[in-house]
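Visitor: Hi, could you walk me through this structure? I'd like to ask things as they come up.
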Amino acid sequence: MRMTDVPSFGNLEGLTVVCMGNTIAAPFAAELMAEHGACVIYVENTDRPDIGRVSLCPYGFITEHRNELFMAINLKNIEGEQVFIEILKKTDILIEGLKGGTFTELGLSDKRLWAENEKLVIVHVSGFGESGLAEYLRRPSYDPIGQAAGGFMSINGFPEPSPPLRAPFVCDYYTALFACWSALAAQMGAQRTGVGESVDVSQMEVMWKLQYGYPLEYFYSGVVHPRQGNEERDYICFGTYLCGNGRYVFICCIANGPARGLLKVLGKDNDPTYPENIQLFRRGDVAAEKVETALKQYCLDNEAEKVEKELNANGVPCSFIHDIETIQTDPQALERGLFTEWSDDRFGKLKGVNIVPKMSNRPGMFWGGARDHGADNRDILSELGYTDKKIEELYKKGVLAELRDGGYFASKAMHIKNRDQINIIMEEEKNEDF
Amino acid sequence: MKISEVPSFGNLSGIKVVCTGNNVAAPFAGYLMAENGAAVICLESTKAPDSARMGGVPLGFMTERRNELALSLNLDSKEGQKVFLDLMKNVDILIEGYKGGTFSKWGLCDEALWEVNPKLVIVHVSGYGQYGEPEFVSRASYDLIGQAFGGYSACNGERGGEPSRAQPAAGDYFPALFACWSGLAAYIGTQTTGKGESVDIAQYEALWKVQWDYPSFYFTTGKEKPRSGAGESQYLGVDIYKCKTGNIAITLCATGPIMRLCKLLGVEDLSEYEGMFVLMRGEERAEKLDKMLADYLLTLDAEEADRIFNENQIPCSMIMSPKTMEHHPHALARNLFVEWEDPRYGTMKAVGAVPKMKNRPQQYWRDAPGYNADGRDILSELGYSEAEIDKLFADGVTKDLPNQGFRAAQLPCKSN
């Protein structure tokens, strides 16, 4: 597939993006752009595919690489570097997710890239940044490393036992979303000034950035925010509540409207103990604790469906704790088309999450599934003016490659279309060499 | 302060944004733009200030409303709507965080806004979206409601335990980041085509969107991934381990680190682990290696383990908190934290610019503004005379609050 074959649609139509890096932290930023019409070329190594391809069942990879073109280039080879530079001359945004400083080591410093394309936006995504202590830049990082170093684990979970990892891949997704918005902001700056930009996204720093007032609380008052499970430290009528039919709901009673609504549901709206204007039910306050006790009992006395409906009807925020199975029958998810099906060349009909968010005038769309390792090498290079002969030569020298089985070679599920067969294979896999 | 007085810097210099909503889900998107040079007006209701101001010491507000202007308007009144439309003529991006359909209810639907400014980018952030089942659209939502309906709580929690919550406010920060990138994408599309855009962000959908293989795993196998505490549901070696003192996070999901770990632990027959990508739960050699790893870590302090494992290029980190991070050499080398003077609360310190921009960096030029701090300046910039502004104050279309809207959260009950 050629770059010019990408359909015209969406708010990012006409934008060309090159992305490389493993699973989520860098690639998800590019996937969001691809869903809104950008032409995204995903570049993998010639000797090994993206780690997402080689998992047992590469569901994540094939969900988050739709709408993209695929190349495999050996950047350590001087000719591979030249091919890469040729592509970057036609590119608006480069997003790379290698360890801090790797691009400079490869001879692809910001300065060198701007010498070839002065308006290029370069987004470096790494565990600990592009500058700072050398020992840290070299550090490998994955989602949990970012959650730990980013202070995120220290405020999650219950006081005991150990700080928890939050699923799925909170740190990688936060990082990817930072890469996405900052790339677009930098693109706007580059268009305005004619000068490119280099953005240094560090996983660890992203996690610190998303902690509301907690860092300031520590610096201001010396208080290290405790791990508090599902509860709030300062107020109640907030948290997980067990309902009569064994299902859980989450209730969040904050602000005056919800507080009055809750009193009404609990039959306390005429009780003079509670003033007209209530913002929060404070922990430790006698009258507030009475409301909490009554709320717990109310939930136990009713089915979750009724609790959810009745509290919401009275303006009290409340939701079932949905999982992927229960959301399938939820009327709102169905009405808005939260899930969508698509056809994958290799895996057939698949189902996953649709475009988010929805745009009204230039909506995003899916035009194709994830493609094989190196699938678009030939088309893209011929588009850049490489002859067939030259392309063959690059393959022979190992500058370009297409790995066997589309790069999904560790996936035992790749030829399977039927879910029972996948289950059987997953069982077998436990006893088999990987 | 006037819109035109915002200093020139950053990648978003010249972009004008109005942001209205409570706490995090909508405002944080505007705040990130403000850090990068956009002129951002924090628009608050005359009926109640942003609830983030209401804390005893409103630390989240102080941190995440820096660099902004403040204006108060009564959008539920004819006059307030007229002022709002005048404001919309002059801005590029509107980010609003009210319940689905609220702006339409006020007569401020997308079409009405495009009538005064055809190139306006409108970003709606709500719990359940702007359309769908009416009963859901009108529902209130907060962080945790989003995490529950967004399938996020169901993924989190101990093995076999209750569903849990990702702190702080993951249910709000995710939609905020979606609002930020999609607001900018829509702006780029608007510049290309000359036609504005309306973006519909439902908090719960933003959360479903960031779940890697959890949804497709279910759709393909019919099975749900179980909650797995700190660990991974399928793999060992991705977990928080106990050390002699403290804890440490480790991630083993590539051949290199697994082989280096084997050598570090003195595994005799390395060929047994050759080519191994992950440590599959239930597999004998994987369970054996995980046990050796856990035993080894119990002999080390967390600091020691962190040093040894990173020297061996095995991904690992200590569990950091603001206390341990404040003087961390890498945080100091990269200026992770910045200090500023707040006229009300004195010296404040919080997280600085993330990510780092090389050519047009972020700046902090102002602390979080008081309620309606810039009301008069902005209205006069829109062409309102002093007399007209006084009338708007007199009619309650705009107003000031005592102590600039900063006040302790009210006590909930008379008995307190």
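Visitor: How do H1(B) and H9(B) cross?
Guide: In this predicted model, where local features need pLDDT of at least 70, side-chain atom pairs count only at pLDDT 80 or more, and totals for chains, interfaces and linings use all residues, the axes of helix H1 (residues 27-35) of chain B and helix H9 (residues 170-193) of chain B come within 7 Å and cross at roughly 50°. Because angles under 35 degrees count as roughly parallel, over 145 as roughly antiparallel, 65 to 115 as roughly perpendicular and the rest as oblique, H1(B) is oblique to H9(B). Axes here are lines fitted to C-alpha atoms, for helices over the stretch in contact, with angles from 0 to 180 degrees between N-to-C directions.
Visitor: Which residues make the contact?
Guide: H1(B) brings Phe28(B), Ala29(B), Leu32(B) and Met33(B), and H9(B) brings Tyr173(B), Ala176(B), Ala179(B), Cys180(B) and Gly183(B). Contact requires C-beta atoms, placed from the backbone, within 7 Å.
Visitor: And how are things numbered and named?
Guide: Residues count from 1 along each chain as its sequence is written, while chains are lettered from A and ligands numbered from 1 in the order in which they are written. Helices (H or I, at least four residues) and strands (E, at least two) are DSSP runs numbered from the N terminus.
Visitor: Staying with chain B, is H11(B) mostly buried or exposed?
Guide: Six of the eight residues of H11(B) (residues 214-221) are buried, so this helix is largely enclosed by the rest of the structure. The buried ones are Tyr214(B), Pro215(B), Ser216(B), Phe217(B), Tyr218(B) and Thr220(B). Buried needs 20 or more other C-beta atoms within 10 Å of a residue's own, exposed 12 or fewer, and partly exposed is in between, with C-beta atoms placed from the backbone. Just after H11(B), Gly222(B) has a positive phi of about 75°.
Visitor: What about chain B as a whole?
Guide: Chain B has 18 helices and 14 strands, and 57% of its 416 residues are buried. Its C-alpha trace spans about 85 × 60 × 50 Å along the principal axes.
Visitor: Switching to sheets, what is the strand order in the open sheet of seven strands?
Guide: The order is E3(A)-E2(A)-E1(A)-E4(A)-E5(A)-E6(A)-E14(B), with mixed pairing. Strands E3 (68-72) of chain A and E14 (356-357) of chain B stand at the edges with a single partner strand each, so one side of each has no neighbour in the sheet. Two strands pair if DSSP finds at least two bridges between them.
Visitor: Which helices lie across those strands?
Guide: Helix H1 (residues 27-35) of chain A lies across E1, E2, E3 and E4 of chain A, at about 155° to E2(A). H8(A) lies across E4, E5 and E6 of chain A together with E14 of chain B, at about 165° to E6(A).
Visitor: How do E4(A) and E5(A) pair?
Guide: They run parallel, joined by four bridges, and Ile95(A) stands opposite Val123(A) in E5(A).

Key
Two residues are in contact if their C-beta atoms, placed from the backbone, lie within 7 Å.
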